[in-house]
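User: I'm new to this structure and would like a close look at one part of it: the side chains that pair up through charges or rings. Please walk me through who meets whom, and where they sit.

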Amino acid sequence: MESLQVTRLMSCKLSANISHKACSFRPSRQLGFSSLSRRSFQNGKLTVARSDITENGGGFGSLDDSSNSNSIEEENDYEEEEEKNGLMLGLDRDDCGSVIALHLIPPSGEVAIDSHQDEAADTKGEDEGIEEEKGGEEEIRSRVTYNIVFVTAEAAPYSKTGGLGDVCGSLPGVLAGYGHRVMVVSPRYLNGTSADKNFAGADDVDRRIKVPCFGGEQEVAFFHEYKKGVDWVFVDHPSYHRPGNLYGDSHGAFGDNQFRFTLLCHAACEAPLVLPLGGYTYGEKCLFLVNDWHAGLVPVLLASKYRPFGIYKDARSILVIHNLAHQGVEPAASFKNLGLPWEWYGALEWVFPTWARTHALDTGEAVNILKGAIVTADRILTVSEGYAWEITTVEGGHGLNELLSSRRIVLNGIVNGIDVTEWDSSSDEHISFHYSADDLSGKARCKTALQQELGLPIRPECPLIGFIGRLDYQKGIDLIRWAIPELMEDNVQFVMLGSGDPLYEDWMRAAEKTYRDKFRGWVGFNVPISHRITAGCDILLMPSRFEPCGLNQLYAMRYGTVPVVHATGGLR
């Protein structure tokens with residue numbers, strides 16, 4: 001790589017014609033260059049040094065070894081010693097090879113981050129370093145902190161149906177550990193089951209607001225629990241108190257989901273302004289992380305209801321798409337219920353293609369909440385880089401591919417993370433035997449224990465294949481169903497854990513009776529069993545038709561189980 005080395009005592013003349021098109025710089029404030037130059041260049045000189053690992057030509061145009069005007073002048077042995085201790089300016093390049101940014105590298109090879117807040121702090125940071133150690137481990141804290149507000153329909157352990165709940169239950173705590181102030185806003189679901197006890201630690205903060213929507217003013221309350229450095233805020237309304245899961249019951253999705261999540265979005269916008277959590281509010285300067293269509297009205301409300309009146313003018317919103325297939329589409333007549341100005345109808349307007357309309361007189365007009373979020377959010381994220389590309393294609397865009405392509409400049413993908421303390425084969429409380437990459441003997445014993453628990457013949461040499469997930473079309477469960485008869489002819493064992501479509505639940509029960517020594521199907525979901533299947537199986541099968549990210553393949557690799565997947569989305 002090429003590098004620029006900063007010293008106090010070395011000198012050279014710079015006369016290279018560096019193209020502005022090929023080399024651009026980050027703002028000096030971001031690099032902390034103003035204070036750095038005051039200390040390092042006040043009475044010193046600049047040396048441009050060439051690394052030994054430089055390819056032909058490098059990236060600085062005419063700056064080469066044969067350039068007399070840019071040659072390096074060595075003054076004395078003392079200066080050579082100073083050069084070794086200088087700061088390196090490493091070059092970041094884009095895919096075309098153009099220099100797009102610089103970063104400071106001390107002699108140790110670590111990236112140096114220079115604070116620009118004040119001169120005294122800079123001097124102290126230079127002498128003492130910027131990394132702190134606590135208990136033998138590096139404590140990483142963000143130098144710039146934000147007020148972050150997660151808006152989500154579910155967050156584990158309070159509420160969960162899938163990966164959305166996992167991410168929104170674990171990521172806030174990690175961000176809080178970096179020094180950010182973090183709030184999570186989610187509904188307070190009460191369905192009359194044992195899950196209600198999850199909200200037992202949340203107290204009523206005695207704040208009521210009136211939400212103008214659906215032809216009147218709806219009163220909502222707030223409950224709050226401070227846990228693991230995070231403010232967990234739960235929006236309370238009678239529409240969240242009913243039997244069933246978060247979104248529906250045995251008869252299908254609830255018919256008033258648009259109403260329920262409209263309340264959530266309005267309440268989430270008000271929470272930073274009205275809730276004195278820890279003695280003071282979050283205020284207007286917030287970063288909203290809105291997850292899927294359930295929270296999709298938040299960026300629309302910021303743009304239409306608040307900013308025109310000078311509120312939240314410094315706030316920003318990031319839309320996180322966990323599953324583009326769910327978009328919150330309702331009839332166009334329901335727009336008046338959302339509490340938005342009429343001139344903002346175009347942001348949510350959605351017209352179904354002719355082939356998707358119910359009859360010849362159907363105009364196909366609707367409102368699409370996720371579309372409104374895509375239009376108004378400051379940035380858009382998906383839960384993997386592969387999925388960020390897929391949603392811009394006709395096959396994976398679910399009708400929004402052209403809109404997403406037009407916003408490609410603010411569209412990125414970041415793979416979901418997992419809780420490595422919960423999913424750790426060397427200390428997992430749910431498995432009988434522990435193991436690690438250095439000693440895999442415990443994995444073979446976990447396989448034997450799983451076979452014994454499920455009533456399968458104990459055969460260490462027989463490949464044990466597992467599946468964990470929802471039983472629906474997206475997960476490719478029909479492919480497994482049609483492949484099982486042929487697969488069972490081989491010397492394998494198969495175990496499945498999941499719930500969903502009753503058709504596939506009944507098939508799992510029937511397959512277990514048909515292949516008594518080779519197949520086991522566990523209808524439902526059980527956290528300890530999922531850990532034991534992940535640890536005991538040799539192969540984890542994930543034939544998903546599309547998978548925005550997927551977590552089970554990450555758990556499997558963590559436990560030394562080979563994931564066999566369809567190359568799509570995050571699985572790729």
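Analyst: **Side-chain pairs, one at a time**

Let's start with Arg 307, which is partly exposed, its relative accessible area being 25%. Keep in mind as we go that this is a predicted model. Arg 307 has a partner in Asp 378, and their side chains meet in a salt bridge with 3.8 Å from N to O. The cut-off for a salt bridge is 4 Å, so this pair makes the list. What parts of the chain does the pair link? Arg 307 is in the loop between α7 (297–306) and β15 (316–321), while Asp 378 is in the loop between α9 (369–376) and β19 (379–382). That puts the two 71 residues apart, so the bridge links distant parts of the chain. Asp 378, for its part, is also classed as partly exposed, at 29% relative accessibility.

How many salt bridges does the structure hold? The count is 14. Arg 208 has a relative accessible area of 42% and is partly exposed. Asp 204 is partly exposed too, with 36%.

Next up is Arg 545, which has a couple of things going on. Its side chain meets that of Asp 478 in a salt bridge, at 2.7 Å from N to O. Arg 545 belongs to the loop between β24 (539–542) and α16 (552–558), and Asp 478 to helix α13 (residues 477–487), so the bridge ties together parts that are 67 residues apart in sequence.

The structure has 17 aromatic pairs. One of them is Phe 214 with Phe 259: the ring centres are 5.0 Å apart and the planes stand at 85 degrees, so the pair is edge-to-face. Phe 214 is in the loop between β9 (203–213) and β10 (216–227), and Phe 259 is in helix α6 (residues 257–274), so here again distant parts of the chain are linked, 45 residues apart. Phe 214 counts as partly exposed at 25% relative accessibility, but Phe 259 counts as buried at 14%.

Tyr 306 and Tyr 312 make an edge-to-face pair as well, with 5.3 Å from centre to centre and 70 degrees between the planes. Where the angle is over 60 degrees the label is edge-to-face, which is why this pair gets it. Tyr 306 is buried at 4% relative accessibility, and Tyr 312 is buried at 0%. Elsewhere, ring pairs join Tyr 158, Phe 199, Trp 232 and Phe 234 into a cluster.

Now back to Phe 259, to see one of its contacts. Ser 239 touches it: setting aside neighbours within four places in sequence, Ser 239 is in contact with Asp 256, Phe 259, Arg 260 and Leu 263. Ser 239 lies in the loop between β11 (230–236) and β12 (248–249), and is buried, with a relative accessible area of 5%.

The protein has 16 helices and 25 strands. Some of these build a right-handed β-α-β unit from β22, helix α14 (residues 502–514) and β23. Strands β22 (residues 493–498) and β23 (residues 519–523) run parallel and are joined by five bridges; on β23, Gly 521 is the bridge partner of Met 496. Of the protein's 572 residues, 46% count as buried. And among contacts with a separation of 6 or more, 69% are between residues 24 or more positions apart.

Technical notes:
Residues numbered from 1 in each chain as written. Predicted model: local features only at pLDDT ≥ 70, side-chain atom pairs only at ≥ 80, totals over all residues. Heavy atoms only, no water. Phe/Tyr/Trp six-rings, centres within 6.5 Å; stacked < 30°, edge-to-face > 60°. Helix = DSSP H or I, 4+ residues; strand = E, 2+ residues; numbered from the N terminus. Buried < 20%, exposed > 50% of the residue type's maximum accessible area, 1.4 Å probe, protein only. Pairing = 2+ DSSP bridges. Right-handed = clockwise from strand over helix to strand, strands pointing away. Contact = heavy atoms within 4.5 Å.
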